[in-house]
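Dear colleague,

I am handing over the structure below and would be glad if you could look through it before reading on. My notes come after it.

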Amino acid sequence: MFKKVLIANRGEIAVRIARACRELRVRAVAVYSDVDRASLHVRLADEAYPIGLAPSGESYLVIEKILGVARYAGCDAIHPGYGFLAENPALARACVDAGVTFIGPPAAAMEQLGSKTAARQIARDVGAPTVPGTLNPIKTVDEAAEIVRGIGFPVILKAVAGGGGKGMRSVASESELASAWRDATSEAQNAFGDARLYLEKYLERPRHIEIQVLADQHGHFVYLGERECSVQRRHQKVIEEAPSPIMTAELRKAMGEAAVKLARAGNYTNAGTVEFLVDAERNFYFLEMNTRLQVEHPVTEMVTSLDLVKLQMRIAAGEPLPFGQADIELRGHAVECRIYAEDPDNNFFPSPGKIIDCGVPTGPGIRLDEGIYAGWTVPNEYDPMLGKLVAWGGDREEALARMGRALAEYHASGIKTNVSLFRRILASSDFQKGAIYTRWLDDFLSAAPVAEGRNTEEESQAEQAAAIAALLWHASQTGGASASETRTFAESRWKTEGRREQVNREPQL
Amino acid sequence: MKLQIEIAGKKRQVELARANERAIWTIDGQRLEADAVAVSSGTYSILINGKSFEVRVESFGAELRAITAGRDFSVAIQDERGWRRNRGGSLEAEGRQQVLAPMPGKIVRVLVSAGDSVRAGQGLLVVEAMKMQNEIRAPKSGTIDRVRVVEGQTVNAGQVVVIVS
């Protein structure tokens, strides 16, 4: 095993990797930009070094700076997390040159399987079904229009270098093509430094289901079941779960074997995810491969009892997989909510700022992977994801009930979060039935909100409680005599007397 | 202490008085025995006839919310100095409306200029924040009175970016 690992990332995933390092007794080295000096990943690391200004192009994306720290601190491996440099073959290659192990696939496999167009060619070669569309990047919007004439609208534009919904636009008709092309191109350029796009046919109401694969350096491949990621807002995953509500043992085996075949054909090693679209008839189509750890890896960890980050490190260190396909057993159900600093009541606009107070859910079956704390300021420069709330249950119903319970215990005040969105989703009968597809959430949100006709006694009491709290809050803000009026409750002699009477009424045992 | 509180669109008169060292709340003239304790900054534990409510009060600039039992109430409070209400500040006299930047960020595109007529919901400009491009839309149909920002400029949350009349 490695002695010291550099974590080339920030936020919750840097915290996640640091925790894995701790458990393996490997020293964790953090890097941070100017605005991340007080971030949690720096606080939890064994060592931490500055790498420049807040814009990621001047810090987290600069390979020379990352390798400079690795050399200076004497790191023997680099974990890229997800995002930033995780799928940039240049880092993997630079690591080889610098004699540092890259915890991920080799650069060549990343190039082959990570390029969406090249991966689709491999998928066709190994016989995995793919969605109709282009295999090569498109150069101009006119060329795109020409291709669409062949396959018909709706289509989806995607960044060749893309991921995470960035540089991606669905196009329903000819009139939307030019503006969608413009937006996707500029977003792709900003997010990945690569503006190239390709396009494919947009399937009606497909599900997004992905297979987690692991491959060691000794030719062993396994799949760890699937993750259902159909709840998305503008192509960004919002809720993920494992297993998928529609999965059968036969389909899991077929998709898992297709995923392994693809990974094997690309000479893949380490953890990777093969994404598929699945239609209403349970036909699956290869979408793309993510050559890295996924944001949503915890749901797989919860149902397999495996630690994917530690396995990534073991694989990179040359250890063989400690289990085979027959040993993989799925147990129970896990669901994950991605908590973002954004305002669900106002167009989901991002909401950076200082966190005043945090409510951290605990209790049975709950896991919270986050990179924040009360008093920390969420910077404006990075992705608004604060963390992931994960619930495990013996079955889907229990997992969802636990998630609902944990969401009520969660808050991050001072900024806006999308927690109320999850409450709405969990309360919807479509989601409860598992009747979801990739555009389900967009449809759900654009449908007129159902008027809340609840007018029970409990409801009106909740309103009264809110009114009382608002008054107390106002008093605490304005200070003075009004605040002292509220301070006497705890010491109230009447209450003390009442309690004494109650105690005396208790039966004598 | 007596305040007018507008909660979930309804105006209520809330009063806190003491009698024999008991806290007596009156809401719209109705007496209520409630036990309220501030458990942490902005969070209150409130017992009404034994029913337990944990209420979190959060303020964002002029906006005020009280969150409890899975409900998210918008709140406005009137004291001597007038209403402290949610989503205030954007309405101007005679239908002129200031469009505010909803978050700090950088103006990456300005899609309109003064004199343009716009429809409600039409994109006015694009603000980049937290690696996302966010389109700011017209709150109403009308004419662009002024564009107060230029491309490349950084803005703060609540800053006036466009005026529509």
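Predicted model: local features only at pLDDT ≥ 70, side-chain atom pairs only at ≥ 80, totals over all residues.

Residues are numbered from 1 along each chain as its sequence is written, while chains are lettered from A and ligands numbered from 1 in the order in which they are written.

Chain A contains 18 helices and 22 strands, where helices (H or I, at least four residues) and strands (E, at least two) are DSSP runs numbered from the N terminus. The radius of gyration of chain A, taken over C-alpha atoms, is 25 Å, close to the 23 Å that the globule rule (2.2 Å times the number of residues to the power 0.38) gives for 509 residues, so chain A is as compact as a globular protein of that length. Its C-alpha trace spans about 80 × 55 × 50 Å along the principal axes. Of the 509 residues of chain A, 51% count as buried, a residue being buried if 20 or more other C-beta atoms, placed from the backbone, lie within 10 Å of its own, exposed if 12 or fewer, and partly exposed in between.

Chain A is divided into domain 1 (4–103), domain 2 (132–201), domain 3 (207–446) and domain 4 (465–505), with bounds that come from an automatic or database domain assignment. Between the C-alpha centres of domain 1 and domain 2 of chain A there are 32 Å.

In chain A, 8 strands form an open sheet with antiparallel pairing, in the order S13-S12-S9-S10-S11-S14-S21-S19; two strands pair if DSSP finds at least two bridges between them. The edge strands, each pairing on one side only, are S13 (284–290) and S19 (366–370) of chain A. Within this sheet, S14 (residues 333–340) and S21 (residues 385–393) of chain A are joined in the antiparallel sense by 8 bridges, and His333(A) has Gly393(A) in S21(A) as its bridge partner. Helix H12 (residues 396–409) of chain A packs on the sheet, where it touches S14, S19 and S21 of chain A, and its direction makes about 140° with that of S21(A); axes are lines fitted to C-alpha atoms, for helices over the stretch in contact, and angles run from 0 to 180 degrees between N-to-C directions.

The contact between the chains takes 42 residues from chain A and 53 residues from chain B, two residues being in contact if their C-beta atoms, placed from the backbone, lie within 7 Å. The largest share of the side of chain A that touches chain B comes from H16(A), with 15 residues. Ala469(A) has its place in helix H16 of chain A; Ala469(A) is buried, with 27 other C-beta atoms within 10 Å. Leaving aside neighbours within four places in sequence, Ala469(A) is in contact with Tyr44(B), Ile46(B), Val55(B), Val57(B) and Ala66(B).

In chain B, S14(B) and strand S15 (residues 132–137) run antiparallel and are joined by 6 bridges. These two strands form a hairpin with 2 residues between them, and Met130(B) in the turn has a positive phi of about 50°.

With best regards
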